[in-house]
Amino acid sequence: MASVFLKFQNPIMATTKEDQVNVATPPPPVFLSTAALNSLVTYKSLVGHLQSTLPSHADTINSPLRHTHQTSPSSSLLLMPSWCNSPSLPYMGVKLVTYLPNNSTLNLPGVHAVYVLFNSLTGQPLVSMDATGLTPFRTACISALASCYLSRHDVETLVMIGAGSLAPHLIKAHLIMRPSLKRVVVWNRTLEKARTLVHELTKEGDRFQGVCFESNECLEEAVKLGDIISCATNSETPLVKGLDLKAGAHLDLVGSFTRSMMECDDEALRRGRVYIDNEAAVVEAGELVGALERGVIRKDEIVGDLVELIKGEKSGRKDLDEITVFKSVGFAVVDLLSAQLVYESCMNNQVQMK
């Protein structure tokens, strides 16, 4: 791992004449693997970084709606660019994502991605990284960050709907940010996958002492148990029924990002106070698009977005009994800020190793 860090030259931090010469002729961009990413950031550090940087940088980062291209009836290519010209955040980047849900039959992730980071002042490439690992990591951190404002402080049971590559990240991020959680229930269409995930998490017992992990083959029963229900599926039919949500529940919807995908029914949105990660959710997420078109909810009934929550411009949970809903589709601002933390952590590592 050390050899990876030693290959970096930071053109942003160049101060001496020698540094400036190196900036003019930068080394080839280096690729950071998922293992390298995991050594540089934690769920807690990324949640803290996003909480502190989103309010100050969200308005200074240019982030057009992502490009989505249907490459086959069941696969997509997504491009998510963003850039900032502020001296305090001199970065530009783009994430390239492939989405092939049928990869599960090959025992491969349905999502693969690469993130490329540049210096926005000079255009020089700084680093590329395996966003296949970074994407679920930052997605889970966004959910856990939103939960800090929207879930009850005394939550005890987390229900995970879906057992794909994103599920363990969501579970771990929620456990870290809500240490009152003592029980995790996993449901998946294929029960064996749920059991496998439970087995893998149980093996990390030292990391989550006092937490019980279990699977449940009855979706309705599992949902009724949840203080927090987190969904990460590619379902095109509602999985979570609003009538099954208990008082005080927080529903975290992560999986859908097209108009045809949905993880909850209209009643869940009708009963809950709805929040989104960013404005793209109202035009991309099938749950919201359908509910808005059918008049189940109005756009002005969506309480606010994540940045407004962090800034305190919109209130979070108001009482112990209300139901809250957070829908995220991902946005390039978070990718850029996450890549910033990874890159700068790597540079700090390099400095410490000299």
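User: What makes the pair formed by the side chains of Ser74 and Asn102 a polar contact?

Analyst: In this predicted model, the side chains of Ser74 and Asn102 are joined at 3.4 Å, and since a polar contact requires a pair of N or O atoms within 3.5 Å, the pair is therefore given that name.

User: Why is Ser74 called partly exposed?

Analyst: Its relative accessible area is 33%; because buried means under 20% and exposed over 50%, Ser74 falls in between and is therefore partly exposed. Ser74 sits in the loop between strand S2 (67–72) and strand S3 (75–83), where, leaving aside its neighbours within four places in sequence, Ser74 is in contact with Tyr99, Leu100, Pro101 and Asn102.

User: Which residues have the most contacts inside the largest nonpolar core?

Analyst: That core has 78 residues, and those with the most contacts inside it are Leu50, Leu54, Leu117, Met129, Ile171, Val186 and Phe213. Leaving aside neighbours within four places in sequence, Ile171 is in contact with residues including Val186 and Phe213. A second, separate core of 32 residues includes Val185, Ala222, Ala281 and Ile323.

User: How do the residues lining the second largest cavity divide into nonpolar, polar and charged?

Analyst: The cavity, with a volume of about 30 Å³, is lined by Thr34, Leu37, Asn38, Val41, Gly133, Leu134 and Phe137. Because Val, Leu and Phe count as nonpolar, whereas residues such as Gly count as polar, the lining divides into four nonpolar, three polar and no charged residues. Helix H3 (34–40) and helix H5 (131–150) are the elements that give two or more residues to this lining.

Notes: Residues are numbered from 1 along each chain as its sequence is written. This is a predicted model: local features need pLDDT of at least 70, side-chain atom pairs count only at pLDDT 80 or more; totals for chains, interfaces and linings use all residues. Side-chain values use heavy atoms; hydrogens and water are left out. Helices (H or I, at least four residues) and strands (E, at least two) are DSSP runs, numbered from the N terminus. Buried means under 20% relative accessible area, exposed over 50%, partly exposed in between (1.4 Å probe, protein chains only). Contact means heavy atoms within 4.5 Å. A polar contact is a pair of N or O atoms within 3.5 Å; within protein, one must be able to donate a hydrogen and the other to accept it, and residues adjacent in sequence count only if both atoms are side-chain atoms. A nonpolar core is a set of buried Ala, Val, Leu, Ile, Met, Phe, Trp, Tyr and Cys residues joined through side-chain atoms within 4.5 Å. On a 1 Å grid over the protein atoms alone, a cavity is a set of points where a 1.4 Å probe fits but cannot get out, and a pocket is an open set with protein on both sides within 12 Å along at least five of seven lines; lining residues have an atom within 4 Å of a point. Grid points are joined across faces, edges and corners, and a volume is the space filled by probe spheres set on the points.
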